[in-house]
Amino acid sequence: MRIDFVSDVSCPWCAIGLKSLEQALERVGGDITVDMHFQPFELNPGMGPEGQDIFEHITEKYGSTPAQQEQSREMIRQRGEAVGFTFDMSKRGRIYNTFDAHRLLHWAEGQGRQQALKEKLFEAYFTLGENPGAHDVLLRAAGEVGLDVEAARQVLASNAYADEVRQLEYYWQRAGIRSVPAIVINQRHLISGGQPPEVFEQALRQIAQQDEELEQDEEPAA
């Protein structure tokens with residue numbers, strides 16, 4: 001089963017969704033073999049390197065009041081806690097540009113460490129309150145998941161994988177992805193949002209069965 005996890009490292013529901021999906025995959029165990037790929041999506045592609053105050057940004061983007069924002073943050077914190085992810089809302093004060101993070105993640109896929117780096121970047125931003133676009137944060141995260149730090153430094157210092165990331169972003173936008181997380185199964189089934197583990201588990205089992213039946217129907221008669 002191929003899973004394309006379309007997301008941004010500055011998206012809290014993406015962190016929740018990944019943890020939930022991982023738990024669902026543990027539950028299905030050996031019943032389903034998964035080939036996971038993380039695809040780029042930028043919530044704020046025009047954001048400057050200095051970032052923006054998160055309250056100011058959300059007010060401008062959604063028109064929500066401080067009380068509404070606080071309610072949303074608490075709901076996210078609780079949903080994260082339920083799946084074993086820590087959101088430290090006191091440390092996360094700004095929204096940042098994540099394009100360089102996506103470039104490094106694209107490179108990490110070829111090194112077999114993409115998922116580990118993705119998880120580490122979620123932790124850096126949501127738990128530690130760090131800038132996931134800052135090169136020092138990215139390099140430390142790369143080293144912590146076993147990637148070659150000097151090779152990662154060369155990627156970040158150059159324009160490497162910029163075209164590939166842009167092309168992938170465009171591809172998924174053309175495919176109709178407008179919000180994240182978007183979990184695409186076998187390139188034809190879509191699960192949207194940071195669903196609870198049991199929802200992912202039920203969907204994965206159902207899709208696996210449907211696709212197996214479809215493959216059997218398509219097999220030529222002997």
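Modeller: Let's start with K118: apart from neighbours within four places in sequence, K118 contacts S7, D8, V9, L18, F38, H102 and L105. Keep in mind that this is a predicted model.

Biologist: Okay! Where does K118 lie?

Modeller: K118 is part of helix α5, which covers residues 114–127.

Biologist: And is K118 buried or exposed?

Modeller: K118 is buried, and yet it has no salt bridge.

Biologist: Which side chain of opposite charge is nearest to K118, then?

Modeller: That would be D8, at 6.0 Å.

Biologist: Got it. New topic: which residues does the cis peptide bond join?

Modeller: V180 and P181, with omega at about 5 degrees. P181 sits in the loop between α8 (162–174) and β5 (182–185).

Biologist: Why point that out?

Modeller: Because most peptide bonds are trans, and most residues other than glycine have a negative phi.

Biologist: Speaking of phi, what is the value for Y161?

Modeller: Y161 has a positive phi of about 70 degrees, though it is not a glycine. Y161 is in the loop between α7 (149–157) and α8.

Biologist: How exposed is Y161?

Modeller: Y161 is partly exposed, with a relative accessible area of 28%.

Biologist: And what about phi of N186?

Modeller: N186, also not a glycine, has a positive phi near 50 degrees. You'll find N186 in the loop between β5 and β6 (189–192).

Definitions and conventions:
Residues numbered from 1 in each chain as written. Predicted model: local features only at pLDDT ≥ 70, side-chain atom pairs only at ≥ 80, totals over all residues. Heavy atoms only, no water. Helix = DSSP H or I, 4+ residues; strand = E, 2+ residues; numbered from the N terminus. Buried < 20%, exposed > 50% of the residue type's maximum accessible area, 1.4 Å probe, protein only. Lys, Arg positive; Asp, Glu negative; His and termini not counted. Salt bridge = Lys/Arg side-chain N within 4 Å of Asp/Glu carboxyl O. Contact = heavy atoms within 4.5 Å.
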